[in-house]
Amino acid sequence: MTVQQELSAPGPEGSLAGTLTLPAGDRAIPDGTPVILIVPGSGPTDRDGNSPLGIAAVPYALLAEALAEQGIPSLRIDKRGMFGSADAIPDPNDVTITAYGDDILVWTKAIRERLPTGGGGTRCVVPLGHSEGGLIALAAIAPLPEPCGLILVSTPGRPLGTVLREQLHANPANARVLNEADEAIMSLERGERLDTKALNPALQPLFAPQIQGFLIDAFSYDPAILARETRVPILVVQGLRDLQVGEADARRIAQAAPEATLSLVSDVNHVLKVVSSDDIAANFAAYADSDLPIARDIVEAVSQFLDQIEE
């Protein structure tokens, strides 16, 4: 059995909360063993990888367990203003990519204090960003003290406005609102807020006033440009049955980064579960299936990358 421990870190106004998953046994973590810091994806995604918007697959919790079984510790976190980190800020929507990145720095310090090295060196902490969390990790890696590596899983390789536009166009059911949606995205890309009352009701939650500030900020980043400026080894992992982020995104990041390993894993979807067919209904059914194990190819790709960092 692995060991689960609560860990906290100081947030802007209250504590940030997370779960540290350690390998079984009472032995100290070897000095050369990195710790994975799992950075959640978009919206109300909790430390386990679940969301009230229809995700109950616990991908981060399963990933943490699988890594610990291979001797790799990890920390998975609740985002500022949400779940266990609700007291960190009054408004969970009052955030930016940079603010989330600041929390990565704080968590890195907390991990190094909780799991110090015996020889007096600095513990290697590797952010693993999933989906939008990959963009946050990319933005945070440059100011991170003594960075040693970065893992991007199912991470968009283009600006998020471009990705959102493509996702909307890919669904035939959206045909009647595409012109409005495109205009809304272009406005946010220009840094201009929208009057959502004038939008089709189907689009209003997507561009709600309280999240427009975050969308304007997030749309301004290009992951490939951030990757080009990154000076640590990067692992880019992409499932080939991912309905939200595609192979082209992964390749764009990997090609831009000075030192990148690209791992394309077949039959794996966005929540890191194995899906053996092109059946879209089956793919989305996996989003709510906590009993489906984490894809072993994801775990192996991460483990092999960490072995390279340790060498």
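**Close-up views of a predicted model**

The count comes to 14 salt bridges, taking a side-chain nitrogen of Lys or Arg within 4 Å of a carboxyl oxygen of Asp or Glu. The structure is a predicted model. The views below take up some of these pairs, then the sheet, the disulfide and a surface patch.

**View 1. Arg47 and Asp78 form a salt bridge.** Their closest N and O atoms are 2.8 Å apart. Arg47 lies in the loop between strand 3 and helix 1 (59-69), and Asp78 in the loop between strand 4 and helix 2, so the pair ties together parts that are 31 residues apart in sequence. Both Arg47 and Asp78 are buried.

**View 2. Arg158 forms a salt bridge with Glu166.** The closest N and O atoms of this pair are 2.9 Å apart. Arg158 is buried, at a relative accessible area of 18%. Glu166 counts as partly exposed, because its relative accessibility is 47%.

**View 3. Arg190 and Glu192 meet through their side chains in a salt bridge.** The N to O distance is 3.2 Å. Arg190 has 52% relative accessibility and so counts as exposed. Glu192, at 37%, counts as partly exposed. Elsewhere, salt bridges that share partners join Glu6, Arg47 and Asp78 into one network.

View 4. Strands of a sheet pair through backbone hydrogen bonds, either parallel or antiparallel.

**View 5. Strand 1 and strand 2 form a hairpin.** Four residues lie between the two strands. Their pairing is antiparallel and runs over eight bridges. Gln5 has Leu20 in strand 2 as its bridge partner.

**View 6. Strand 4 (residues 74-77) is covered on both faces.** Ser74 and Arg76 are buried on one side. Leu75 and Ile77 are buried on the other. In a regular strand the side chains alternate between the two faces of the sheet. Strand 2 (residues 15-22) runs antiparallel to strand 4, and four bridges join them. Here Gly18 stands opposite Ile77. Strand 3 (residues 35-39) runs parallel to strand 4, with three bridges joining the two. Ile36 stands opposite Ser74 in strand 4.

**View 7. Strand 7 (residues 234-239) pairs with strand 8.** The two strands are parallel and share six bridges. Val236 has Leu262 in strand 8 as its bridge partner.

**View 8. A disulfide joins Cys124 to Cys148.** The structure holds one disulfide. The S to S distance is 2.0 Å. The pair links distant parts of the chain, 24 residues apart. Cys124 sits in the loop between helix 2 (97-114) and strand 5 (125-130). Cys148 sits in the loop between helix 3 (132-141) and strand 6 (150-153). The torsion about the S-S bond is about 95 degrees, so the disulfide is right-handed. Both Cys124 and Cys148 are buried.

**View 9. Leu243, Ile280 and Phe284 form a nonpolar patch on the surface.** Together they have about 280 Å² of accessible area. Phe284 is placed in helix 9 (residues 280-285). Phe284 is partly exposed, with a relative accessible area of 43%.

Key:
Residues are numbered from 1 along each chain as its sequence is written. This is a predicted model: local features need pLDDT of at least 70, side-chain atom pairs count only at pLDDT 80 or more; totals for chains, interfaces and linings use all residues. Side-chain values use heavy atoms; hydrogens and water are left out. Patches are made of residues with over 30% relative accessible area and no salt bridge: like charges are joined within 9 Å, nonpolar side chains (Val, Leu, Ile, Met, Phe, Trp, Tyr) within 5 Å. Accessible areas come from the Shrake-Rupley method with a 1.4 Å probe; for residues, only the protein chains shown count as cover. Buried means under 20% relative accessible area, exposed over 50%, partly exposed in between (1.4 Å probe, protein chains only). A disulfide is a pair of cysteine sulfur atoms within 2.5 Å. Two strands pair if DSSP finds at least two bridges between them.
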